[in-house]
Amino acid sequence: MAEVLRAPKGLDGVAVADTKIAISDESGTLIYRGYSIKDLFERSTFEESTYLILYGRLPNKNELAEFESKLKRYSLVPSNVWDLVRTLPHESHQMDVLRTAVSGLGATEGGISSEEQELSIIAQMPALVANCYRINKGMELAEPDASLSLPANYLYMLTGKKPTTFEAWCFERMLILYLEHDLNASAFTVRVVGSTLADIYSACTAGLAALKGPLHGGANEAAMQMLLKVGTASNAKAYVQATIAKGEKIMGFGHRVYKTVDPRSQLTKKLLRDLLEKRGKGMELYKLCEAVESAAWEQKKLPANVDFYAAPLFMTLGIPIETFTPIFASSRTVGWVAHYNEQISDNRIYRPDAIYIGEKGLRYIPIDRR
Ligand code: COA
C-alpha cells in the first residue's frame, strides 16, 4: 500500500487547491480577486463585487448594467418552491427552510444553462431568505419594490420598512463583506460536491448545510443570542470569564486564519457605531459589544470575527435574528459559485484516505447468540 500522509486535525495548514478567488492571512488581510476588502467595502457595490468574484475582474459600465439587469431577470422564484416551503413546520430553523428551498429549486429548474442556473440561485436568494421567513411565520410573500437597489429592496423585504439611504448602504457593506472567504468549511464542502460533477444546486445545498453550524455561519445568530444574554457592558467580564472556565465558546470570536484582527469585524464595528450615532440612540449596545470584545481579548487573546459585529448591526437595522445566518448564506452563494467553477475547471474528485483504527478479524455471531 502506498504511504499515506496524515493531515493535521481540521486540515489546519494544509493547502488542498489553487485558487484565484480570494485570500486571507494572519496579518488581517482579505483580498477578493486582487482587491483589498477595505477598498471594496468603501467603494464598491454588491453587484459589482459579485461580478468581480464570479468573473475575476471589475466590470465596465456596460457590463455592470447588463449584469444588474440579468440579476433582475432571474430573481423570480418558481411558485412550487413556495409551496414546498409552506409544508414545513413553523418552528423550523430558517437555515433548514432555506436549504430545503434551494434543494427544491434544483429539482425545479431543469433545462436552463449552467450560467443561468448560477445567476438564478444568486438572484433569487434575497427573495428566498425574506420569504422563507415570512411564509414560515404565516405572513404573505413580500412585495418587492423595483424602484429600489438590490440591497435596499432586500432589506425592505426583510423588515417590511423602506430603509434610509444610509441603512441600505450599511446592509450592502455587510453583503460585500460576506461574499467570499477562501477555503472555509462551506466553500470546501461546495468544492467536494463539485468535484463529483454534481450540479450547482446540490453543491449550494451542501454549502448551506455546512454554513448552518454555529462554528461557521451560525455564529452571527449565536453571537446575538449571547449579547442578549449578557445584557449590559458591566456583565461582560464575568460572562467571558465564566464561559472560558466552562470550556465553552464565546460566539463571534476566534478564527482559524485571523489571530489578532479580522479586518471585516473592524469595518463592521465602525459601521455599527456610525449607524447608532446617526440614530442618536442605542449606544449601550455598542458599549456592550466593546466590553465583550475587550474581555475576550484580555482573557484569551481572542479577536472578534465578522459575525460578532454583524449581529448587532443586523439587529439595529430591524432584521429578524432568525434570518442572520440565511443572509450570510445568500451573499456567500456568490463565493460558492466561484469555487464550484474553479474546482470543475481543473478537477479531480476529492477522495482522501483515513487511517483505520478500528478492530479487525471479528467473527460474525448470529443475533440470537449475542
Ligand atoms: N471561545 C473560546 N475559546 C476559543 C474560541 C472562542 N470563540 N475560539 C477558539 N478558542 C480556543 C480554542 O478552544 C483553543 O483553545 P485551547 O488551545 O485551550 O484548546 C484555542 O482557542 C485556539 O483555537 P483555534 O485553533 O484558533 O480555533 P480553530 O481554528 O480550531 O477554530 C473557530 C476556529 C472559528 C471554529 C473557533 O474560533 C470558534 O469556535 N469560534 C466561535 C464560533 C465562531 O464565532 N465562528 C465564526 C467564525 S468566522
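Predicted model: local features only at pLDDT ≥ 70, side-chain atom pairs only at ≥ 80, totals over all residues.
Reader: What is the order of the strands in the open sheet, and how do they pair?

Author: Strand order is read by asking which strands are joined by bridges. Here the open sheet has three strands in the order 1-2-3, with antiparallel pairing. Strand 1 and strand 3 (35-36) are at the edges with a single partner strand each, so one side of each has no neighbour in the sheet.

Reader: How many bridges join strand 1 to strand 2?

Author: Strand 1 (residues 22-25) is joined to strand 2 (residues 29-32) by four bridges. Within this pair, D25 stands opposite T29. Strand 2 is in turn joined to strand 3 by two bridges, again antiparallel, and there I31 stands opposite S36.

Reader: Which residue takes a positive phi in the hairpin of strand 1 and strand 2?

Author: The place to look is the link between the strands. That hairpin has three residues between its strands, and G28 takes a positive phi near 95°.

Reader: Which residues of strand 1 are on the covered face, and which on the uncovered one?

Author: Faces are read from the side chains along the strand. A22 and S24 make up the covered face of strand 1, while I23 and D25 make up the uncovered one.

Reader: Are C132 and C170 buried or exposed?

Author: Relative accessible area decides this. C132 has 1% and is buried; C170, at 0%, is also buried.

Reader: How many residues of each domain are in contact, and what area do the domains bury between them?

Author: An interface is read from its contacts, then from its area. In domain 1, 29 residues are in contact with 25 residues of domain 2. The two domains bury about 2,100 Å² between them, with 68% of it on carbon and sulfur atoms. F166, M174 and Y178 supply 24% of the area that domain 1 buries against domain 2, more than any other three residues.

Reader: How many salt bridges cross the interface of domain 1 and domain 2?

Author: One salt bridge is found across that interface.

Notes:
Residues numbered from 1 in each chain as written. Heavy atoms only, no water. Buried < 20%, exposed > 50% of the residue type's maximum accessible area, 1.4 Å probe, protein only. Pairing = 2+ DSSP bridges. Contact = heavy atoms within 4.5 Å. Buried area = accessible area lost by both parts, 1.4 Å probe. Salt bridge = Lys/Arg side-chain N within 4 Å of Asp/Glu carboxyl O.
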